[in-house]
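I opened my notebook for a walk through this model, one stop at a time. Here is what I looked up.

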Amino acid sequence: MAFNHLPAGVHDALAPLSVTPVTHSVPMAKNHRSDRPPTQAPSRTAPGVVLDRLASGPSRASRITHTEHLPPREGRHAVWPDRIRAEVVAAVRAAGIDRPWAHQARAAEHALNGESVVVATGTASGKSLAYLTPVLSTLLDGSQAPNGRGATALYLAPTKALAADQCRSVKELSQPLGHSVRPAVYDGDTPFEEREWIRQYANYVLTNPDMLHRGILPSHPRWSSFLKSLKYVVVDECHTYRGVFGSHVAQVLRRLRRLCARYGASPVFLLASATAAEPAVAARRLTGLPVVEVADDASPRGELVFALWEPPLTELHGERGAPVRRTATAEAADLLTDLTVQGIRSVTFVRSRRGAELISVIAQERLAEVDRSLARRVAAYRGGYLPEERRALERALHSGELLGLAATNALELGVDISGLDAVVIAGYPGTRASLWQQAGRAGRSGQGALAVLVARDDPLDTFLVHHPEALFERPVESTVLDPDNPYVLAPHLCAAAEELPLTEEDLALFGPAAEELLPQLEAAKLLRRRTKAWHWTRRERAADLTDIRGEGGRPVQVVEAGTGRLLGTVDAGAAHTSVHEGAVHLHQGLTYLVRSLDLEDSVALVERASPTYTTVARDTTSISVLETDTEIPWGDGRLCYGSVEVTNQVVSFLRRRQITGEVLGETKLDLPPRTLRTRAVWWTVTEDQLDRARINPEILGGALHAAEHASIGMLPLFATCDRWDIGGVSIPLHPDTLLPTVFVYDGHPGGAGFAERAFHTARAWLTATRQAIASCECDAGCPSCIQSPKCGNGNDPLHKRGAVRLLTVLLEGAPAEKPRETEGAAGTAGGPEAEEQPERSPGPRQNPEPEPPAEGPPDRPVPPVP
Ligand SMILES: Nc1ncnc2c1ncn2[C@@H]1O[C@H](COP(=O)(O)OP(=O)(O)OP(=O)(O)O)[C@@H](O)[C@H]1O
């Protein structure tokens, strides 16, 4: 096709956009019909037509602020390397795949050469096969060893669901190979009676980094025969290992490499990721090894029509009389309804679990009005459901029994949901990587597909639907991780020392920070140096020192009060905000009210109810400066970066009317405060600057507070974080700075790099913040500029014009940024990917399964070490 002479990645919207995609922009709503011939099978409705229909209701067309057309592309074939065993090639053929795409053959070649490789090609580009062919071929070779296990492979997935899904497909693919390939999932759900068999006989073990960290590595002697023969470690969806969680996984992989080396093995790492910038750099940081990159996607791709959609203003007024837009939830529910009526298979991605439930309930009700049988064809899908329930939903979507799902990102990763015609994304998912990952779920078999991003009523989403270039003309974010973060590294050094005493030679593997940390760990009496090695001194398990997903403890079980039935779970850290007493809890269309939350026993008792409202927790936060690392004069004021301690408490919850979001009332809560030591950026202003900005004491609090909210809303554009991963505090007279101060901090113990990025791009970041406030059409502030949905003070006080004047004066004194420091403005910095949106203060890194993210945790205590 027309674009085939270009490098594949250049025009593949769903590939890692390490370069800007060539796209065809149509800014006007009425022009959104594609001018290209549809590439899908005739029975499918062209995505442009589907969009036309969605836009045909009253005032609907004007909600589309932009349509982007991403052109189709033809595939390029190659041949499998000769060294792939003929039986494996035959098995792949038997699965219906005659020839590999060029990138699959290249990746296999590197793997067979013993080079670690990252396959960073688009969604559904056949990455699995790229690593599976060399792995299966090697396992087949190894099966001829006297013990039948001359070669083994370990597969790591970020979620249990993905490992289970992959195990099913490996079993299917390797069926013609008989008993030579023995795949098995080894995770928290694996029955104990099966575990010994897996350790002794399985040669392809599928697990997750959590199980590796807590289960496999600490009991490595029982895994010795497996580790001795370990030839490959597959790291699937490796872009999910970012931020603090990614840094933990990097250290877990170093521990694995160390143990393998002791058993005489040196496995090759095979990484796969659909969406990553600079994949080789990220893969090297994750594994600590040089990694070859295969990013030239040779698989075919259908056209993608991508619409940006802004819900209309309503007649309602929100806090302090602000104009209120229709919620993204209500709008997305309408789109799901309309798509289902059209017979279009779709998934609506939404950030919160509650949002997924609400969208599915609303769509079901609307569909029932059209045709009762249609209501049963949509459902919700989210983390916190029991595994059987999730498998059943996946099967129903596969078979076509379900036409539409409202899902959290629990469905985003790898779970094979082929054949979707449309994806609706309710609210920007926080990163472009995540956006493309979700959009890429549509059109898997090469047919055309539609993606619609529905903006939420907040500054960032509003900005994005009016600045499509920020989405379509920028590369995806790099996967940033920092394995040297002492909060991350220290517990892994202890765990490694417990696994096998740490020697001086080991230290290089764990990075330069290891040497500095050891004396501290000795002083804390966690490690002791005897002869030449450091030993773990305690009786408890060192692996329990850290929780690699930062979930803050045991998940809370959600139990139905009358029956004692376990409905699902909520992350410990999320419990205060999502299952506090009086909270509305939704589960597959049924509504429950939380009767009590027992934090000691980690149980929330719920009972069926039919409230007409949803609940939103409110919290308050105070902050103290522990240490200022850097301080730069900004005129008379100061821009600082350093360590802080944040104390957060969920104090109340709001009841909001369903669909409209109208506030019905507030109820106080009595929950304990939690503290977090982390990193922050903060700025101060002087009396003189306040005078120049005409800020008198009456409006000072409101001006600072408004600037803080808007700056948090804008930071994701600069620091690749989610607004829920960062927090802020503003105060007219801070006891540590003795000046009016605004803090923005990382919601992760030890910091996650967002505040640091904010510090380095502060001028660009605060300039964008000032512009966002100043250009908002509202009079006194609204959710699109200075109101925050998670404000513990009910968005009071806020002073819009004061914030603009204050930022103007502050920025007058800002020194020009060096080029290096502004690179973040292109969104290349990193932090954890946005997860489900909690209605909460920022908390620790949230991740999908094994225990998925939730409506979440505020802060929690710092880890015990260093
Ligand atoms: N060379 C090929 N020719 C034709 N079809 C292929 C080829 N390789 C893979 N496929 C098919 O493409 C689909 C997607 O493959 P797969 O799930 O391995 O992709 P992936 O890149 O791993 O996906 P994800 O983005 O979900 O991780 C599957 O149905 C697979 O059978």
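This is a predicted model: local features need pLDDT of at least 70, side-chain atom pairs count only at pLDDT 80 or more; totals for chains, interfaces and linings use all residues.

**Entry 1: Glu303**

Is Glu303 buried or exposed? I found Glu303 buried, because its relative accessible area is 3%, and a residue counts as buried under 20%. I then placed Glu303 in the chain: Glu303 sits in the loop that joins strand 9 (292-294) to strand 10 (304-309).

Next I asked which side chain Glu303 contacts. The side chain of His69 is a polar partner, at 3.5 Å from that of Glu303.

**Entry 2: strand 13**

I moved on to strand 13, which covers residues 346-350. Why do I call strand 13 largely enclosed by the rest of the structure? Because 5 of its 5 residues are buried.

I looked at which way the side chains go. Ser346, Thr348 and Val350 point one way from strand 13, while Val347 and Phe349 point the other way. The residues on both sides are buried.

Then I looked up the neighbours in the sheet. Strand 15 (residues 404-407) pairs with strand 13 in the parallel sense, over 4 bridges. Within that pairing, I noted Gly404 of strand 15 as the bridge partner of Ser346. Strand 16 (residues 422-426) also pairs with strand 13 in the parallel sense, here over 5 bridges. On that strand, Ala426 stands opposite Val350.

**Entry 3: the ligand**

My last stop was the ligand. How many residues are around the ligand, and which come nearest? I have 17 residues around the ligand, and Arg99, Gln104, Gly126, Lys127 and Ser128 come nearest.

By type, I sorted the shell into 5 nonpolar, 7 polar and 5 charged residues. Helix 4 (residues 127-142) gives the largest share of the shell, with 3 residues. Both domain 1 (8-74 + 301-472) and domain 2 (86-294) contribute at least three residues each to the shell.

I wrote down three atom pairs:

- A polar backbone atom of Arg99 is 2.9 Å from a nitrogen atom of the ligand.
- A polar backbone atom of Ala124 is 3.0 Å from an oxygen atom of the ligand.
- An N or O atom in the side chain of Glu237 is 3.5 Å from an oxygen atom of the ligand.

How much of the ligand does the protein cover? On its own the ligand has 640 Å² of accessible area, and the protein covers 74% of that.

Terms used. Residues are numbered from 1 along each chain as its sequence is written. Side-chain values use heavy atoms; hydrogens and water are left out. A residue is near a molecule or strand if one of its heavy atoms lies within 4 Å of it. A polar contact is a pair of N or O atoms within 3.5 Å; within protein, one must be able to donate a hydrogen and the other to accept it, and residues adjacent in sequence count only if both atoms are side-chain atoms. Accessible areas come from the Shrake-Rupley method with a 1.4 Å probe; for residues, only the protein chains shown count as cover. Helices (H or I, at least four residues) and strands (E, at least two) are DSSP runs, numbered from the N terminus. Ala, Val, Leu, Ile, Met, Phe, Trp, Tyr, Cys and Pro count as nonpolar, Asp, Glu, Lys and Arg as charged, and the others, Gly among them, as polar. Domain bounds come from an automatic or database domain assignment. Buried means under 20% relative accessible area, exposed over 50%, partly exposed in between (1.4 Å probe, protein chains only). Two strands pair if DSSP finds at least two bridges between them.
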